[in-house]
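Please look at the sequence and the model before reading on, and keep both in view. The report below goes through the helices, the contacts between them and the surface.

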Amino acid sequence: MKKVIYGLLAFGPVLALAQAPAGQTFNGDYFVSIIQTVGKIVGYLIPIMFGLAIVYFFWGMIKYIMAAGDPDKAKEGKSIMIYGVIAITVMAALFGLVQ
């Protein structure tokens with residue numbers, strides 16, 4: 001834990017944009033490029049997260065169908081489906097608000 005704290009303290013000025021990386025002078029372009037890069041990464045992650053939520057929902061559906069009369073397994077599959085639907089709904093609502 002000490003190593004993590006020392007590492008964060010060592011890179012604190014760079015993370016706070018108080019010090020430019022070696023070989024660069026600080027101007028607004030560096031900050032804008034960081035924001036654009038983070039935006040691109042988030043743009044790629046959104047469809048992946050939607051896909052994972054849909055796969056999670058279908059996994060719950062498969063578990064529910066494969067339960068074949070076992071109420072405990074059926075309950076587990078049903079709860080997975082409910083959490084999958086909640087995840088998809090929250091992500092779609094947040095995506096809609098941001099857009």
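Phenylalanine 95 belongs to helix H4, which covers residues 71-98, where helices (H or I, at least four residues) and strands (E, at least two) are DSSP runs numbered from the N terminus. This is a predicted model, in which local features need pLDDT of at least 70 and side-chain atom pairs count only at pLDDT 80 or more, while totals for chains, interfaces and linings use all residues. Residues are numbered from 1 along each chain as its sequence is written, and side-chain values use heavy atoms, with hydrogens and water left out.

The chain as a whole holds four helices and zero strands, and its pattern along the sequence reads α-α-α-α. Of its 99 residues, 9% are buried; here buried means under 20% relative accessible area, exposed means over 50%, and partly exposed is in between (1.4 Å probe, protein chains only). If contacts between residues at least 6 apart in sequence are taken, 41% of them join residues at least 24 apart, a contact being heavy atoms within 4.5 Å.

The buried residues of H4 are Ala74, Gly77, Ile80, Met81 and Gly84. An α-helix has 3.6 residues a turn, so residues three or four places apart point the same way.

Leaving out residues up to four places away in sequence, phenylalanine 95 touches Ile46 and Phe50. Isoleucine 46 is 49 residues from phenylalanine 95 along the chain, yet their C-alpha atoms are separated by 8.5 Å.

The structure holds two aromatic pairs; rings of Phe, Tyr and Trp (its six-membered ring) pair if their centres lie within 6.5 Å, and planes under 30 degrees apart count as stacked, over 60 as edge-to-face and the rest as tilted. Phenylalanine 50 and phenylalanine 95 form an edge-to-face pair, because their ring centres are 6.4 Å apart and their planes stand at 85°. Phenylalanine 50 lies in helix H3 and phenylalanine 95 in helix H4, so this pair ties together parts that are 45 residues apart in sequence. The pair of phenylalanine 57 and phenylalanine 58 is also edge-to-face, at 5.5 Å centre to centre and with 65° between the planes.

Which side chains meet in a salt bridge? Those of glutamate 76 and lysine 63 do, at 2.7 Å from N to O, and the structure holds one such bridge, defined as a side-chain nitrogen of Lys or Arg within 4 Å of a carboxyl oxygen of Asp or Glu. Glutamate 76 lies in helix H4 and lysine 63 in helix H3 (residues 28-66), so the pair ties together parts that are 13 residues apart in sequence. Side chains of opposite charge can pair when their charged atoms come close. The C-alpha atoms of lysine 63 and glutamate 76 are separated by 7.7 Å. Besides Glu76, lysine 63 touches Lys73, Gly77 and Ile80, when residues up to four places away in sequence are not counted.

The table gives the accessibility of some residues from these pairs.

| Residue | Relative accessible area | Class |
|---|---|---|
| Phenylalanine 50 | 21% | partly exposed |
| Phenylalanine 58 | 42% | partly exposed |
| Lysine 63 | 25% | partly exposed |
| Glutamate 76 | 38% | partly exposed |

## The loop and the surface

Alanine 68 lies in the loop between H3 and H4 and, at 70% relative accessibility, counts as exposed. Its phi is near 50°, a positive value in a residue other than glycine. Most residues other than glycine have a negative phi.

The accessible surface of the chain comes to about 8000 Å², of which 74% belongs to carbon and sulfur atoms; such areas come from the Shrake-Rupley method with a 1.4 Å probe, and for residues only the protein chains shown count as cover. Tyr56, Ile82, Tyr83, Ile86, Val90, Leu94 and Leu97 make a nonpolar surface patch of about 740 Å². Patches are made of residues with over 30% relative accessible area and no salt bridge, where like charges are joined within 9 Å and nonpolar side chains (Val, Leu, Ile, Met, Phe, Trp, Tyr) within 5 Å. H4 gives the most to this nonpolar patch, with six residues. Isoleucine 82 has its place in helix H4 and is partly exposed, with a relative accessible area of 47%.
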